[in-house]
Amino acid sequence: MLTYACLTALVPGKKQPAIRVKIVRTWMSPFGSIRPNTCMVFGDEKGSMIEATLPWGVVLSYEINLDEGDWFEILDFKLIHASGLIRTTRSKYHINLTHDSMVTKIQPITECNFLFCASYKTILRGLYHPKFCIGLCGALVEVGDIQDFPEAQANQFNHGNQPSIRFSVINIECCVAYGSLAEKLYEYWSSTTANVVVCVLKLWRIEWGNGRFRCLTNIEGSSDILFDPEIPEIHYFKSMIPFTTV
């Protein structure tokens, strides 16, 4: 009978035990590549998370689909030390799936949505390290006009010649969305008739400048924005806002 390890118990350099995880987020990287890897964030029943990669060219048995929101049992994978300027989780390690990996879809273990939202005060005080992506929940206060993001300002996180839009949520005045998320935000804001819109920012990046907080911004592909999602915690949050009904 298989025994399963929690993600925090994994150690590089030896045969890894079986794990049971939910795919919290999935995207293709590097953005725009003709041979992109499938990148994911896994979460286990204890609430721990780790980033994982299915490299381009690696084919899993039974041609299984790694869909966001589904749970899987995984055997035989490679565990390496995490690296990169920006990390989507705080885990020290990273999972690489290989041709030998055995991945089986299973029934959900828990109903956890892995929505761990950062504190506004902690962000503004600089107590979150900008290396790590964060989640945030808040009511949209203002959304600007969609604009072109010039090539001259492109960086390793967002490409030039794509749309951008500035917006603010309660207590965070400066947020900037680029690319497809800018279009998603603009289209939703232009069409909604709701008095209050609660948004959830998933895997967003803290940008610093001149020794202080500048803004929250997305990373093309990995970040996401949700509007009034059907999540109990979000319903409760919205019910606390005056003059709204859920």
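Colleague: Hi! Among contacts between residues at least 6 apart in sequence, what share joins residues at least 24 apart?

Modeller: The share is 61%, where contact means heavy atoms within 4.5 Å. This is a predicted model, in which local features need pLDDT of at least 70 and side-chain atom pairs count only at pLDDT 80 or more, while totals for chains, interfaces and linings use all residues. Residues are numbered from 1 along each chain as its sequence is written, and side-chain values use heavy atoms, leaving out hydrogens and water.

Colleague: Thanks! How many helices and strands are there?

Modeller: The protein has three helices and 14 strands. These are DSSP runs numbered from the N terminus: H or I with at least four residues for helices, E with at least two for strands.

Colleague: Let's look at H2. Which of its residues are buried?

Modeller: Gly179, Leu181, Ala182 and Leu185. Buried means under 20% relative accessible area, exposed over 50%, and partly exposed in between, using a 1.4 Å probe and protein chains only.

Colleague: Where do they sit around the helix?

Modeller: Looking down the axis of H2, they fall within an arc of 150 degrees, so they line one face; the arc uses directions from the helix axis to the C-beta atoms. Glu187 and Ser191, on the other side, are exposed.

Colleague: And what do the buried ones pack against?

Modeller: Several strands, including S8 (134-143) and S10 (162-169).

Colleague: New topic: is Ser91 buried or exposed?

Modeller: Ser91 is buried, at 17% relative accessible area. Its place is the loop between strands S5 (78-81) and S6 (93-96).

Colleague: What is Ser91 in contact with, leaving aside neighbours within four places in sequence?

Modeller: Met49, Ile50 and Ala82.
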